[in-house]
Every structure is written in structure tokens, then in C-alpha cells.
Amino acid sequence: MINTLDTNYSDRLQQVHNRIHAACQGCGRPDSSVTLLAVSKTLGIDAIQAAHAAGQTAFGENYILEAIAKITALSSLAVSPPLLWHCIGPIQSNKTRLVAEHFDWVHTLDRLKIAERLSAQRPPHLGPLQVCIQVNADGSLSKAGVPPSEALALAQAVAKLPRLRLRGVMSIPDASEDFEANCAVFAHVHAIFDALNNVGMGLDTLSMGMSADLEAAITAGSTLVRVGSAIFGQRPPHAKG
Ligand SMILES: *Cc1c(COP(=O)(O)O)cnc(C)c1O
């Protein structure tokens, strides 16, 4: 485990908050309109604990089994304020129960079947699982997410599931070097979000923007940025298994 970097997390977190602040100022939004999700995939619990000690409470994880190990280890430490866990990776049907039992949020719903399983498997003693529909906004074939034309139908079906609470839309467009080009793709995601709200879906979460493009995402209306490397530095690779 790398822990020589731990003492930097509070500076790095502050730098990310400064970037969020500057981006919000640039478009006349309050800082409080943007949530920072710290993406801790492949990092050890020491890194998560250090970020938590520096004030971070919401963490994003991509790999389910790795995440469950960390969530379980940290829950036995009874940290306060409690950590919130967001699943931002793909979910196979054989992992839905683990996700329903351990996470607070899921950003990556793109199939009704997965949503139905999550709702059915959400334990009664927990509140509803907070979920976002993932939209494939730039239409790349390799990527997860529903095509924009199918977002409304999926959102309406998900909104009916009793143990899920539909909160918004998530997207992972490819970042380019060009701020304006990034803004244009994010604006497209925002338009999909608006279209769902225009038919009364009452969504409040637009999950878009990462280390490289959070300014463009905030300018285009993001309410939640998912930031890994700008906080934790370069990640160790994912150990497959
Ligand atoms: C890894 C990851 C991030 C964070 O990426 P960085 O470039 O390290 O900020 C955000 N969102 C998703 C879905 C990811 O998989």
C-alpha cells in the first residue's frame, strides 16, 4: 500500500475545491451546487481514511468486490461522519445483491433488469438506493450507458421501482483538450437531464466531470463531479479477479 502520499490529500482536496470554486464563480453558481465525489478505485483504505480525515465523505468505487472489501473494513471502524459509497462502475447481474446491500448510490444504471434486481434486493432496513441513469451521450460504441433516445423510457421504468430513488443522469464522455468541445458534449447531457425534468421526473443530480474536465462539466451544469487522480495522484492498476 502506498501511504507516503497520505499527508498530501488534504492539499490536493483543497486544490480540487479551489478548482470547483473558480468554475462555479465563472458561471455564477454557488459552490454548494456541486458535490465532490472522491473516486478511490484501486486505492487502499489508508488513502480513503486520509481523505476522510481531511473532510471528504463521499467516495466512488468501480470494482464491486474490491469496493465491498473496503466498505466492510471501514464500516467496522465506525467512522464519523459516515462515509457514503457511490458505485460508478458497471454492474453484472450476479453482483446486484452486493451492490444493493453495501452502496448508498449507483450511477451506472443502463438496463432495467439490473434496476429491478437492485430494487428487489435492497435490504428493508436501509433507505432506498439512490440511482442515476447512465447515458451514452457521445454515442461511442464501446461505452456503457443508454442511448439518449432511450433515456426517458428507462427513467420512467426505474422511477416506478419501490426500493430505488431516481436522482439523475450520469455520463462519461471522452475528455478532449478543448474546453469548448467538452462543454458542448456536457451541454448535450444537460439537455437530456432537462428533458426528463420537463416531463416531471424531479431529478436533482447531474453526475459528470472528472479530474481532466470538471471545469467544463460545471460550466455545463454538473451537480456532482467524480474526481480520482487530481486527489489521489496516479492510481495503482486494477488487480483483475
Ligand atoms: C476513474 C473514474 C473517475 C475518476 O477519473 P479521474 O480522471 O482519475 O478523475 C470518474 N468517473 C468514473 C466513472 C471513473 O471510472
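This is a predicted model: local features need pLDDT of at least 70, side-chain atom pairs count only at pLDDT 80 or more; totals for chains, interfaces and linings use all residues.

Residues are numbered from 1 along each chain as its sequence is written, and side-chain values use heavy atoms, with hydrogens and water left out.

Q: How do you know that the span of helix α7 agrees with its 20 residues?
A: Helices (H or I, at least four residues) and strands (E, at least two) are DSSP runs, numbered from the N terminus. The expected span of a helix is 1.5 Å times one less than its number of residues. For α7, residues 179–198, this gives 28 Å, and the end C-alpha atoms are 28 Å apart, so the two agree.

Q: Which residues of α7 are buried, and what covers them?
A: Buried means under 20% relative accessible area, exposed over 50% and partly exposed in between, with a 1.4 Å probe and protein chains only. In α7 the buried residues include Phe-186, Val-189 and Phe-193. Their cover, judged by contact (heavy atoms within 4.5 Å), includes α6 (151–159), β6 (164–170), β7 (205–207) and α8 (214–219).

Q: How many aromatic pairs does the rule count?
A: Rings of Phe, Tyr and Trp (its six-membered ring) pair if their centres lie within 6.5 Å; planes under 30 degrees apart count as stacked, over 60 as edge-to-face and the rest as tilted. By this rule there are 2 aromatic pairs.

Q: What makes the pair of Tyr-9 and Phe-232 edge-to-face?
A: The centres are 5.2 Å apart and the planes stand at 80°, so the pair meets the limits of 6.5 Å and over 60 degrees. Tyr-9 lies in helix α1 and Phe-232 in helix α9, so the pair ties together parts 223 residues apart in sequence.

Q: Why is Ala-217 called buried?
A: Its relative accessible area is 0%, which is under 20%, so the label applies. Ala-217 lies in helix α8 and touches Phe-186, Met-208, Gly-209 and Ser-222, not counting residues up to four places away in sequence.
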